[in-house]
Structure formats: structure tokens, C-alpha cells
Amino acid sequence: MQALMMTKYGDITSSLAFQNITKPTISTTQLLIEVHASSINPFDYKVLKGDFKAFKKITFPHGIGRDVSGVVTEIGDEVTNFKVGDTVLSRIGEQLVGTIAQYVASEAKHTALKPDQITHQEAASIPLAGLTAWQGLVTIANLKAGEKVLIHAGSGGVGTIAIQLAKHLGAFVATTTSTPNVDLVKKLGADQVIDYKKEDYLQQVNSFGVVFDTMGGEHTLDAFKVIKEGGRVVSVNGEVDDILARELGLNFIIRKILSLKAKKITQAAAKKTAMYRMFMMSSNGPQLAELADLYMQNKIQAVIDRSYGFTESIEALEYLSKGRAKGKVVITH
Ligand SMILES: NC(=O)c1ccc[n+]([C@@H]2O[C@H](COP(=O)([O-])OP(=O)(O)OC[C@H]3O[C@@H](n4cnc5c(N)ncnc54)[C@H](OP(=O)(O)O)[C@@H]3O)[C@@H](O)[C@H]2O)c1
């Protein structure tokens, strides 16, 4: 079968190639999915660049892409909750061949049924970004109705879902974006939009319960200026906290170095009796099923910026890597 493969660490133009590889064989707990659509995330080009090699080395050639929507063509002996012919979506595990391929294997526990009311393209736009929004806002921040949440980069793949999920949870949502995307985030339900090209968000928001930091850098530390006493700062791009360092299995010395790097953040959190968490999203079928249900009920709508053909996947990654996507970039197979 054809698959887009990473051939080495490097940039998008020189380190990717379409290859003919063997169709995956599945274990007893997995499904084989014929891919109808996939979507891409900054994670994909960051892995390619080698951003995560300190945590996890990969051997080449290695597949790329984690999000899939498609049709089940085989099931493992222990799989009881899916059958051949089901339409499904998944954020597949990192050890598996990527989703920019004709077929992918997925653990059944990482997979959810695709509602008929949404297309394969819409379904493929959900997994990684949707689970990130879910795990950040629901699992970690425990965002409640009536609370104020600041979501950075509301027009991005994660942000467009996070705004809608936070509104569904009953929160007051403020978000940052640039001038061309102001109308988009308003339509998604944002109550307060801060155009970062024209205004300093630090002057516009204060006493917020939660900051969902998708930006990292100075945004992480600055989050403590806008939260109230006892607030929560949840980041997907900030300094690694000790919980994540332990989850990643890092040794004591590396954990010590990381805790020194995060010292200003820890101190800022302590001053406000606030919570700080940096997390890496994880595959989760039941959470994906809850998200898919929200799309089925139109509580969340897929925001698809661009759709590319399978053979245009490298161009799709180049576009995404510019950092200007409005919602998700999907690939139709
Ligand atoms: N830790 C994890 O598990 C995890 C999971 C998912 C994502 N992430 C990370 O989270 C980040 C966001 O992911 P994504 O999928 O949403 O990326 P994305 O779709 O590529 O984000 C693009 C969006 O970012 C906005 N943006 C860029 N600079 C901005 C700024 N200074 N202020 C406000 N908005 C800005 C852009 O809007 P404008 O054009 O208007 O600037 C654009 O709409 C990435 O770095 C990704 O790697 C981490």
C-alpha cells in the first residue's frame, strides 16, 4: 500500500516520501481501518523536525499523521465493540504507521464510531485537536458553567474546538486571534475577542478562572497575571511540569533540570495559589465518542480550513507549518 513516510529528521520538503509499504498486520486488540480521510497537526511536522527526539527516538522510515476516519476492514480476536464495515475515527498511537496511508491499525480502545451525520473529513478533523481541547478543559481544568476561560489562538485547530467545547460547558470565553480571524471566532461563540495585532490581551482580561495556553513562551508565565486566586493554567506548549515529566518516564536529573526551567512558573502559580499543568494529549476512544456525539448534535461544528488530496499531503504539511491555519487541515484519501 502507499503511505507518506518520514525518511529522516529534517524539513518537510527533504524528509518525506511516498513509499510502497506492507499493509499493517493487526494484533488481537486492534482494528484495521481503510483510510477515507486523515488530518494533520503541528505534532506531525514537529516530530519530523526532531523536536521530541529527547523523549522518544524513532526509527526510519516512519509513518506520519495520527488522525483518521475510515472503514473497519479487519478486527482482532479480542475486539468486541467494533465490527467489519463500521465507520470509525481514531487518534492512533505513536508506535503505529501514520494515517497518511491507505490503511492503518488502531487500538480498539483508541477508536470511536463515526456518526453518520458527519463526513469522513469532518470526523478526521476531530481526534488529536478535539482530545487536546477535551483533556485540557474537561479532564484537567474541570471547567464549570459560569467560569471565565481565556483560550489562546482561538482560530487554530485546537482553539476552534476549544471555544465551542467551553461554550457548550457554559463558560464565558475570551480568545486571542488576529484581525482576519475575528469574525470566525465570534461565530464559534467567543464572548470576548482580543485582536492581538491591535490590543494587548493583558490589558483586556483579568480574574479569569482558567487559561488554556496553546502558545507557550511568555504566554505561559503571563497567564498568571490574568487568573484569579486559585485559578488554573493548563498548557500544551509551556514548561514541562513534574507530573508530565514522570509520565514521560524522565530520570531524576532531567526532572530536576526541567523543574529549574519551570521555576518562574511554579513561583507565579504559588503566589496565586493556582494550579499549573502542562500535558501531552493521549489517545482515548471513550472521550472521542463523547466528542463525536457533540458534533452529531451540532454542539460543535468542524472548522476545516483546507482539504488536500492524498498526493498533496506534503503541500498540506507545508501550509500547516506556516502557523496560519483557520481550524483544521484535512486530507481526503
Ligand atoms: N501538548 C499537546 O498534547 C498538544 C496537542 C495539540 C496541540 N499542541 C500544540 O498547540 C499548538 C496549537 O496547535 P493547533 O493545532 O491549534 O495549531 P495551528 O492550527 O497550527 O494554529 C494556528 C493558529 O494559531 C494562531 N496564532 C498564531 N500566533 C498567534 C498568537 N500570537 N496569538 C493568537 N493566535 C495565534 C493563528 O491565528 P492568526 O493567523 O490569527 O495568528 C492560527 O489560526 C501547537 O504548537 C501544537 O503543537 C500540543
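Predicted model: local features only at pLDDT ≥ 70, side-chain atom pairs only at ≥ 80, totals over all residues.
1. The shell around the ligand holds 24 residues, and Ser178, Tyr196, Met281, Arg324 and Ala325 come nearest. By class, this shell divides into 11 nonpolar, 11 polar and two charged residues.

2. Met281 contributes through its backbone, where a polar atom is 2.7 Å from an oxygen atom of the ligand. The ligand taken alone exposes 930 Å², of which the protein buries 87%. Two or more residues of the shell come from each of the elements α1 (42-49), α3, α4 (157-168) and β10 (172-177).

3. Helices α3 and α11. Two packed helices are described by the angle between their axes and the distance between the axes. For α3 (residues 127-140) and α11 (residues 285-296), the angle is about 100° and the axes are 10 Å apart. An angle from 65 to 115 degrees counts as roughly perpendicular, and α3 and α11 are therefore roughly perpendicular to each other. On the α3 side, the contact is made by Pro127, Gly130, Leu131, Trp134, Gln135 and Thr139, which meet Gln287, Leu288, Glu290, Leu291 and Leu294 in α11. Six of the residues in this contact are nonpolar, four are polar and one is charged.

4. Helices α7 and α10. A second pair is formed by α7 (residues 218-226) and α10 (residues 263-271), which pack at an angle of about 10° with their axes 9 Å apart. Angles under 35 degrees count as roughly parallel, and α7 and α10 are therefore roughly parallel to each other. Here Thr220, Leu221 and Phe224 of α7 meet Lys264, Ile265, Ala268 and Ala269 of α10. The contact of α7 with α10 comprises five nonpolar residues, one polar and one charged.

5. Backbone geometry. Most residues other than glycine have a negative phi, and most peptide bonds are trans. The peptide bond from Phe60 to Pro61 is cis, with omega near -5°; Pro61 is placed in the loop between α1 and β4 (62-63). Ala153, a residue other than glycine, has a positive phi, near 55°, and lies in the loop between β9 (148-151) and α4.

Terms used:
Residues numbered from 1 in each chain as written. Heavy atoms only, no water. Axes fitted to C-alpha atoms, helices over the stretch in contact; angles between N-to-C directions. Helix = DSSP H or I, 4+ residues; strand = E, 2+ residues; numbered from the N terminus. Parallel < 35°, antiparallel > 145°, perpendicular 65-115°, else oblique. Contact = heavy atoms within 4.5 Å. Nonpolar A, V, L, I, M, F, W, Y, C, P; charged D, E, K, R; others polar. Near = heavy atom within 4 Å. Polar contact = N/O pair within 3.5 Å; in protein donor to acceptor, adjacent residues only side chain to side chain. Areas by Shrake-Rupley, 256 points an atom, 1.4 Å probe, with all protein chains shown as cover.
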